[in-house]
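Open the model in your viewer and get ready to select residues. We will stop at a sheet, a pair of helices and a pocket.

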Amino acid sequence: RNRLNRDGAYHIDSIYGGELNYGGPNHCHTFRQYIKAAEFQKSHPEYFSIKDGQRRFNKHGQLCLANMEMRKTFVAKVLERIAADRKKAIAQKRSIPLLYDVSINDNFSPCECSECAKLHEKYGLSGTVLDFVNFVADEVKKDYPDIYITTLAYLYTEAPPKGGIKAKENVIIKFCDSQTNMATGINSPENRKFKETLQSWSDCGGQLWIWDYGITYNFPELPFPSEQFYGELHREYFKNRVSGIFWEHEVSTFSDFYAMKVWLAAKLMEDPEQDFEALCDTFYNGYFGKAGKNIKKYRHLLAEAAVKNRSFVNWFALTEDFKYVDVETLLACFKTLDEGFEKIQNDPELLLRFNRAILGLSSLAGRFFDYYKSEFEKFAEALSSTQKKLTQAEDELENLVGTRTRQMQKKL
């Protein structure tokens, strides 16, 4: 129903619309999976990157992208994989894989040899990788013109290339969003760098995809209202020539607001220009029933606190980063959620959805119990002081009104 063409590592059968599938060995970080240290470390150590004067192997290193023999070996490995995958797909009556990844390992160790240094100077770190990816794409196209080669703009390759290099037409750049504050919108000042980088990659040829994150890895259950900004985010992607988005989510059972974030992303990928508030209301009311308005208010309160308290929540956020939920917001959230609970407490299915949706707030209150207790006491003192001032002001007003009334009566 959501017309997605990919579900992580799982296959989507043809009865559900089929899939746009990756061939092996993986959809990311494939340098070490094509050129394996176990196979080449002894016979061809020159295939691997130099870092701080030493060769780095396996997940701790990269490849020497200036080495032409390594490039030829890499291409041969990719072609072998494509042929094997096609044979297997036909036998299993599945869609033939059309995507093959050629991307850096998950570390910060680009090759520092003299020849790679020349490429870095000419194209930048990302441009060096793109030059290699273009080479692979050109060779693959000779035998398989329907194949796309994907790569990552990630870690040291996030910055756009220089020197005028462009991705070939059968190359897909997957730009990873590791820079943004996910608790606010792409148009906010603190997200300007990511927005500018996105705009630059949009001019680099090929196809542009996004690898985005709907999760905070350290504490996936804690509340961050990133979905409140999905509308403007997807419109910005669409405006910058993005033709595909891979949303990474984990631990679906308790990640913060998992169900709505996945559903919204699916709908917005299909039509980013639709009425975002109306779309959200469809989910709130359809998924939470009579408690939908209360859940909506809860998420809006979080978003307002994130902006007001200048939060910064990224995909490796620390617990302290979630203190943007101040005690006033916490109390307001629990108040509206208590009201929502009363509406659906006798419906087991709605209650299960409701409890999953509010798990993060309960967890947050538990983690920061002493902090919130201290803040609540300060809040209570401030409230008591304010109430005293209001009472005093009311007394003064009554006295003033009484005095004026008596003066008028005397004149009459």
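Helices (H or I, at least four residues) and strands (E, at least two) are DSSP runs, numbered from the N terminus. Axes are lines fitted to C-alpha atoms, for helices over the stretch in contact, and angles run from 0 to 180 degrees between N-to-C directions. This is a predicted model, where local features need pLDDT of at least 70 and side-chain atom pairs count only at pLDDT 80 or more, while totals for chains, interfaces and linings use all residues. Residues are numbered from 1 along each chain as its sequence is written, and side-chain values use heavy atoms, with hydrogens and water left out.

**Stop 1: two helices**

Select residues 230-239, helix H6, and residues 258-270, helix H7. They pack at about 35 degrees, and their axes are 10 Å apart. The crossing is right-handed; that is, the near helix is turned clockwise from the far one by less than a right angle.

Which residues of H6 meet H7? Show Tyr230, Gly231 and His234. Across from them, in H7, are Lys261, Leu264, Ala265, Leu268 and Met269. Contact here means heavy atoms within 4.5 Å. By class, this contact has five nonpolar, two polar and one charged residues. Ala, Val, Leu, Ile, Met, Phe, Trp, Tyr, Cys and Pro count as nonpolar, Asp, Glu, Lys and Arg as charged, and the others, Gly among them, as polar.

**Stop 2: the sheet**

Now find the five strands of an open sheet, in the order E3-E4-E5-E6-E7. The pairing is parallel. Two strands pair if DSSP finds at least two bridges between them. Colour the edge strands, E3 (99-101) and E7 (242-248). Each pairs on one side only. From one strand to the next, the twist averages 30 degrees.

Select E6, residues 205-213. E6 pairs with E7 over six bridges. Click Asp212: its bridge partner in E7 is Trp247.

Next, show helix H4, residues 114-143. H4 lies across E4 (148-153) and E5 (167-176), at about 135 degrees to E5.

**Stop 3**

H7 gives the most, with five residues. The lining divides into twelve nonpolar, four polar and two charged residues.
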